[in-house]
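Hello,

Here is the structure I said I would pass on. My notes on it follow below; please read them alongside the coordinates.

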Amino acid sequence: ARKAWSSPNLPTDHTLMFADRLKGAEQAVILEGPIDAIKCHKFGLGNVCTMGKQVSQDHVQIILKHGVKRAFIGIDPDAFSELDPIIDKFKGEIELLRVPIPEAKAKVDLGSLSFDKAFECLENSYPLRKNQWNVWFKPF
């Protein structure tokens, strides 16, 4: 698995890496880490990362301030408990879509996929709804 190291005291709730890619973008692709964001570059403008599983209210405000109309939520499958809080933070102001991650025997996230496969996942996104169970089980 590819992992990017970050500063130990980085205020991740205030930091939205690659936020400059939101300028002029109608969409945001919200991801956990920089490798995930880079792998989604083929999708166009708006690929940003929160440097963790949680999307803070500050992240939401940065995205909304840029006039984004829809957000693709590409957090890792093991962060499914974060989905309802994300919906609550956006308060219905923009369309939210869930990016499906392919099932595999090993842990898979967008950063572990090829550019083409990550693009395919984004194209297959579906509306994110509250209390929608998005469960990820590690195969035995």
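Taking a disulfide as a pair of cysteine sulfur atoms within 2.5 Å, the count comes to zero disulfides. Cys-40 is in no disulfide, and the nearest cysteine sulfur, that of Cys-121, is 8.2 Å away. Cys-40 is buried, at a relative accessible area of 1%, and Cys-49 is buried at 0%. Here buried means under 20% relative accessible area, exposed over 50% and partly exposed in between, with a 1.4 Å probe and protein chains only.

On provenance: this is a predicted model, in which local features need pLDDT of at least 70 and side-chain atom pairs count only at pLDDT 80 or more, while totals for chains, interfaces and linings use all residues. Residues are numbered from 1 along each chain as its sequence is written, and side-chain values use heavy atoms, with hydrogens and water left out.

Overall layout

The chain has four helices and five strands, in the order β-α-β-α-β-α-β-α-β from the N terminus. Both kinds of element are DSSP runs numbered from the N terminus: helices are H or I with at least four residues, strands are E with at least two. Of the 140 residues in the chain, 43% are buried. A contact means heavy atoms within 4.5 Å; among contacts between residues at least 6 apart in sequence, 69% join residues at least 24 apart. The accessible surface comes to about 8,000 Å², and 54% of that belongs to carbon and sulfur atoms. Accessible areas come from the Shrake-Rupley method with a 1.4 Å probe, and for residues only the protein chains shown count as cover.

Helix H2

H2 covers residues 57-65, and its buried residues are His-59, Val-60, Ile-62, Ile-63 and Leu-64. These buried residues pack against strand S1 (27-31) and H3. At the start of H2, a side-chain oxygen of Ser-56 comes to within 3.3 Å of the backbone nitrogen of Asp-58. After H2 comes Gly-67, with a positive phi near 80 degrees.

Asp-76

Which loop holds Asp-76? Asp-76 lies in the loop between strand S3 (70-73) and helix H3 (83-90). With a relative accessibility of 5%, Asp-76 counts as buried. Leaving out residues up to four places away in sequence, Asp-76 touches Glu-32, Asp-36, Lys-53, Arg-98, Lys-107 and Asp-109.

Regards

Definitions and conventions: A polar contact is a pair of N or O atoms within 3.5 Å; within protein, one must be able to donate a hydrogen and the other to accept it, and residues adjacent in sequence count only if both atoms are side-chain atoms.
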